[in-house]
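Student: I would like to go through this protein with you, term by term. Could we test each label against its definition?
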Amino acid sequence: MTAVDARVSLALPGHGRYELGEPGAWTRPSSPLTSRIAYAAAHVVPRTTGDNTPGAPADIDWDATLAYRHELWSYGLGVADAMDTAQRGMGLDWAATAELIRRSGAEASSVGGLLACGAGTDQLDLATLPSGRDGLTAVLDAYREQIAVVRESGAKVIIMASRALARVASSPDDYLSVYGTLLREVDQPVVLHWLGTMFDPALEGYWGSPVIDDATATFRGLIETHAAKVDGVKVSLLDAKHEIALRAALPDGVRLYTGDDFNYPELIMGDGQHHSDALLGIFAGIYPAASTALQELDRGNAARAEEILRSTQELGRHIFAAPTYYYKTGIAFLSWLNGKQAGFSMVGGLASGRSVEHLTQLFVLADRAGLLADPALAAHRMGLYLELNGAL
């Protein structure tokens, strides 16, 4: 039987009888990656028989969730945990988040894995949050509580954008006051996360202005004042020009971790003077290719590294297409297709966040990028999904 004869195929809506290709020739590194610092923002896997309906407390399959993190570490990538990819603010409550941070910290310690975790304010009830100075104090105390949990786990702190702060802040000075206080208090440099409204509409006007240039000026001022306490910034605005300008203006020693899941290939490769490191949700889906690309970059094969990253870009743009905040559904679906979780389920019932058409195209693009590790398994599961949804 020839290799062509052995290929797997299935009926796909809009594609007729679709024949799958072969997985990419991805490799695990034999030594640490050095040319870029790269974190994959990982998702969480719920218990398939748990009550993960909308509004219910998150019920996590800890074995599968932590195994996914070990898979990312095995490819030489760092794990960015308890971030928006893990459904912060979209099903993952603070109790489950704190447990996730503690468990991931213990697992990272056991293998020497690079780990950074998000500290936010999502234990606050926005409906009862006071306004004015009392509200700012509540936000500050909530951040302190979560930072303490992250530090106790041994992970690097990522100070996440706060819906509560966006609600109670009345000026750029309120942001500078809260963040400045936190930066003076932390004992190690942190990552600052600027999350755009395409990821969370509740963050409109963050840094005190809906005008990006004005918000950027406030953000830069904060970084310049506290540069010794800022390891880097993660910018998730899906605006490559803005990121390139910002990274060129950062103080020496402050990294820019791209959060641009549309334009990551060119941003990571750089412009000859500056480059972005990475803290990306898409890396949780394309991690074998991302790692292999960075290995090539370490070997000085920049053209091959860029070729690999660009081969995944269409998939990344599809997964993060508007409404972008539902990208987590695509990450979980790809995880399920690749056998990393028993069922296609998500906390908060978010598995319904994308259409059959969208997930069918995701399947095709993942196959074209060589990111279906076991084509027979992926085709079997895709067929089950289509049949369940009446598409076959």
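**Labels and their cut-offs**

Tutor: Gladly, and let us start with contacts (heavy atoms within 4.5 Å). Of the contacts in the protein with a separation of 6 or more, 72% join residues 24 or more positions apart. Please keep in mind that this is a predicted model, where local features need pLDDT of at least 70, side-chain atom pairs count only at pLDDT 80 or more, and totals for chains, interfaces and linings use all residues. Residues are numbered from 1 along each chain as its sequence is written, and side-chain values use heavy atoms, with hydrogens and water left out.

Student: What makes a residue buried, and what percentage of the protein is buried?

Tutor: Buried means under 20% relative accessible area, exposed over 50%, and partly exposed in between, with a 1.4 Å probe and protein chains only. By that test, 56% of the 392 residues are buried.

Student: What makes a set of residues a nonpolar core?

Tutor: The set must consist of buried Ala, Val, Leu, Ile, Met, Phe, Trp, Tyr and Cys residues joined through side-chain atoms within 4.5 Å. The largest such set has 122 residues, and F283 and L165 are among those with the most contacts inside it. Helix α9 (residues 283-298) gives the largest share of this core, 9 residues. Helices here are DSSP runs of H or I with at least four residues, strands are E runs of at least two, and both are numbered from the N terminus. Leaving aside neighbours within four places in sequence, F283 has contacts that include Y39, L72 and Y264.

Student: How many residues line the largest pocket, and which are closest to its centre?

Tutor: A pocket is an open set of points on a 1 Å grid over the protein atoms alone, where a 1.4 Å probe fits, with protein on both sides within 12 Å along at least five of seven lines; lining residues have an atom within 4 Å of a point. Here 23 residues line the largest pocket, with R88, G89, D122, R163 and D200 closest to its centre. Both α4 (163-168) and β7 (190-195) supply at least two residues of that lining.
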